[in-house]
Amino acid sequence: MVNFSKEVEEMLSLYDSFPKQIEAGYKKGTSLENLDKKFKGIILSGMGGSGVTGDYIKTLGLNSKIDIPIEVVKGDSLPSWVNKDYLVIAISYSGNTHETLSCARQAYSLGAEVIAITSGGKLEELAKQKGSQIVSISKNYYPRTAIAELVSSTLGALKSQNINIINDNEINDAIETLKGTSRGEGLNIANSISDKDLYIISGCGPYELLANRWRQEFSENAKAVVKSEVYPESAHNDIVVWQVDQKYKPAFIMFEADKDNSLCSILTNLLENIYKKQGSTLIKIKPRGNNLFSKLIQGTLLAGYVSTYLAMRKGINPTDTSITGEYKKALEKENLV
Ligand SMILES: O=P(O)(O)OC[C@H]1O[C@H](O)[C@H](O)[C@@H](O)[C@@H]1O
């Protein structure tokens, strides 16, 4: 088996920097100029590792007291109802992602306010040319490993516009929670599931974000075949698959619901029994922290560690995502980037 120890160490040390990323991103975001506008709503545009930022803001926004809607756009066009009264946050780590650039251009043509969150590329050029505010994200990351800085800078940027989704104490708690999360926790989980070829990751309510994030990290880092089941929606369809005894035995990974979320507690208890009956490995994860942001970012860090160690155990290079380059090349051919 090929040993990708250099690449594994590189990824792990990028994930280790999450606490620093939170601190740096939040500082950069909050230092934007206040535009003194009351927006009708917020659009978060981004793809892949950058697009997850939108899921974070939406999930945290639903948990907050803000009085305007948040829409996440993972595609190349804005909804028809967006107009000049909206704030469009264009998030692309590289700054060269076609879909995000396309949304940013549409936002400019509609006269909407745009904030760019990027480490450079065409998005930075465009934002500079249009005179928009930019949060400059640190360079030399893989987009998926910069998620902590992307999310905290977006939260900070919103705060700079008086859109308070979380407070400074919650940011500090997240930093402390991340510092208390070790590589070893990820290694233990990876060791217990590395003999499996299929993974089912489930999360309920706000932990839908974690189920999807873990799926993406398992795909990009470990090149593992994985499905996420997100509840309560999946209780109305996907769950039926487990009504019969399946031939394949995946590793089930589930996020334990918070005690005060009775709907999710009922569902996760039910699922635990259903999954156990399939006679497979079942791993229960309890995200740590004193607030939802801390729990989500702690669970996200763990995804980075687990998926990187899983790659190591399977003899896979966690840094290589070259196949996505084929999609980008096809777009370039059509002059879409
Ligand atoms: O995050 P961006 O630079 O906008 O790129 C968007 C996405 O492109 C690729 O598909 C990568 O594999 C993702 O990790 C990345 O997030």
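A residue is taken to be near a molecule if its C-beta atom, placed from the backbone, lies within 6 Å of it. In this predicted model, 14 residues surround the ligand, and the closest of these are G48, G49, S50, S92 and S94.

**Ligand shell**
- The shell around the ligand is made up of nine polar, three nonpolar and two charged residues.
- The element that gives the most to this shell is α3, with three residues.

**Domains and their contact**
- The protein is divided into domain 1, covering 32-166, and domain 2, covering 180-314, and the C-alpha centres of the two domains lie 28 Å apart.
- Where the domains meet, 11 residues of domain 1 are in contact with 12 residues of domain 2.
- On the side of domain 1 that touches domain 2, at least two residues come from each of α3 (48-62) and α6 (147-160), and α3 gives the most, with five residues.
- By residue class, that side of domain 1 divides into six nonpolar, three polar and two charged residues.

**Overall build**
- The protein contains 12 helices and nine strands.
- Its radius of gyration is 20 Å, close to the 20 Å that the globule rule gives for 337 residues, so the protein is as compact as a globular protein of that length.
- The C-alpha trace spans about 55 × 45 × 40 Å along its principal axes, and 48% of the 337 residues count as buried.
- Among contacts between residues at least 6 apart in sequence, 77% join residues that are at least 24 apart.

Terms used: Residues are numbered from 1 along each chain as its sequence is written. This is a predicted model: local features need pLDDT of at least 70, side-chain atom pairs count only at pLDDT 80 or more; totals for chains, interfaces and linings use all residues. Domain bounds come from an automatic or database domain assignment. Two residues are in contact if their C-beta atoms, placed from the backbone, lie within 7 Å. Helices (H or I, at least four residues) and strands (E, at least two) are DSSP runs, numbered from the N terminus. Ala, Val, Leu, Ile, Met, Phe, Trp, Tyr, Cys and Pro count as nonpolar, Asp, Glu, Lys and Arg as charged, and the others, Gly among them, as polar. The radius of gyration is taken over C-alpha atoms; the globule rule is 2.2 Å times the number of residues to the power 0.38. A residue is buried if 20 or more other C-beta atoms lie within 10 Å of its own, exposed if 12 or fewer, and partly exposed in between; C-beta atoms are placed from the backbone.
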